[in-house]
Amino acid sequence: MISKEENILFAAEKLFAEKGFEGTSTREISKAANVNISMISYYFGSKEKLYEKLVEYRMNEGQFFSKDILERTDINEWEKIEKIVDQFANRVRNHKCFYRIMQREQLYTENPQIVKFLKETKMGFISMYSKILESGIKNGVFTKNPAIYLLHSTVSGTLFYASNAKSMYKEFLHNEEEDEVFDERYFNEIKKHTKHILKDLLGYEENK
């Protein structure tokens, strides 16, 4: 069960992805969430605060899974990288609306709170990769030491571009599968491709 607050957030998320922040009205959000318009003011105060809360909510979800992976002691550093790729790809697939919003925000946002959220999230991922890489080199799991600040760009850039281009690639492949079937196979290929890139960048040899 989701809360009334989450119900409004998720309804707004779809509209913001489709129409942008400026193109979405609180009346449209209340209608999509099937709540009285006054409930938006009650829970969030304004459309702008609702927008900020949505970004904070989704980004906190991402930070939780990252922290959990980093603290695990039952898997090695490469397995942690694999899990990061898998979970990140799954989030991009399952929360397409939010990541469409975020890609737009990275280009155009002037909201200082959104800028802060974006910066904190990126710095969190860079810090996580840095700790895994340092530990992996120390333990002999990795043999290369790439520019850590570009590692997250490699992963996120690959995932975002491939996700946005899915329809084009489906057409290129002359694929006639149901969209959900193709979607699952496509994202599995993205995960595999991203891991191949990272193996080379990190100098990980599977059978050594």
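**Entry 1: a term to settle.** Before reading any crossing, I noted that angles under 35 degrees count as roughly parallel, those over 145 as roughly antiparallel, those from 65 to 115 as roughly perpendicular, and the rest as oblique. I also kept in mind that this is a predicted model.

**Entry 2: H1 against H6.** I started with helix H1 (residues 4-19) and H6, whose axes cross at roughly 50° and come within 8 Å. By the cut-offs above, H1 and H6 are therefore oblique to each other. I looked up the hand of this crossing too, and for H1 and H6 it is left-handed.

Which residues meet here? From H1 I listed Glu13, Lys14, Phe16 and Ala17, which meet Cys97, Phe98, Arg100, Ile101 and Arg104 in H6. Sorted by class, the contact of H1 with H6 holds five nonpolar and four charged residues, and no polar ones.

**Entry 3: a stop at Phe10.** I picked Phe10, which sits in helix H1. Its C-alpha lies 9.5 Å from that of Cys97, although 87 residues separate Phe10 and Cys97 in sequence. Leaving out residues up to four places away in sequence, I found that Phe10 touches Ile2, Tyr57 and Arg58.

**Entry 4: H4 against H6.** Next I turned to H4, whose axis comes within 11 Å of that of H6, with a crossing of roughly 110°. That makes H4 roughly perpendicular to H6. The crossing of H4 and H6 is left-handed.

On the H4 side I wrote down Tyr51, Leu54, Val55, Arg58 and Met59, and on the H6 side Phe98, Ile101, Met102 and Glu105. The contact of H4 with H6 has seven nonpolar residues, two charged and no polar. Arg58 had already come up as a contact of Phe10, and here Arg58 is among the H4 residues that meet H6.

**Entry 5: the largest pocket.** How much space lies in the largest pocket? I read off about 390 Å³. Its lining has 21 residues, and those closest to the centre are Phe88, Gln106, Lys122, His152 and Phe160. Two or more lining residues come from each of helix H4 (47-71), helix H5 (77-94), helix H6 (96-108), helix H7 (112-138) and helix H8 (148-164).

**Entry 6: the whole chain.** Last, I stepped back to the overall layout. The protein chain has ten helices and zero strands, and along the sequence its pattern reads α-α-α-α-α-α-α-α-α-α. Taken along the principal axes, its C-alpha atoms fill a box of roughly 60 × 40 × 35 Å.

Terms used:
Residues are numbered from 1 along each chain as its sequence is written. This is a predicted model: local features need pLDDT of at least 70, side-chain atom pairs count only at pLDDT 80 or more; totals for chains, interfaces and linings use all residues. Side-chain values use heavy atoms; hydrogens and water are left out. On a 1 Å grid over the protein atoms alone, a cavity is a set of points where a 1.4 Å probe fits but cannot get out, and a pocket is an open set with protein on both sides within 12 Å along at least five of seven lines; lining residues have an atom within 4 Å of a point. Grid points are joined across faces, edges and corners, and a volume is the space filled by probe spheres set on the points. Helices (H or I, at least four residues) and strands (E, at least two) are DSSP runs, numbered from the N terminus. Axes are lines fitted to C-alpha atoms, for helices over the stretch in contact, and angles run from 0 to 180 degrees between N-to-C directions. A crossing is left-handed if the near helix is turned anticlockwise from the far one by less than a right angle, and right-handed if clockwise. Contact means heavy atoms within 4.5 Å. Ala, Val, Leu, Ile, Met, Phe, Trp, Tyr, Cys and Pro count as nonpolar, Asp, Glu, Lys and Arg as charged, and the others, Gly among them, as polar.
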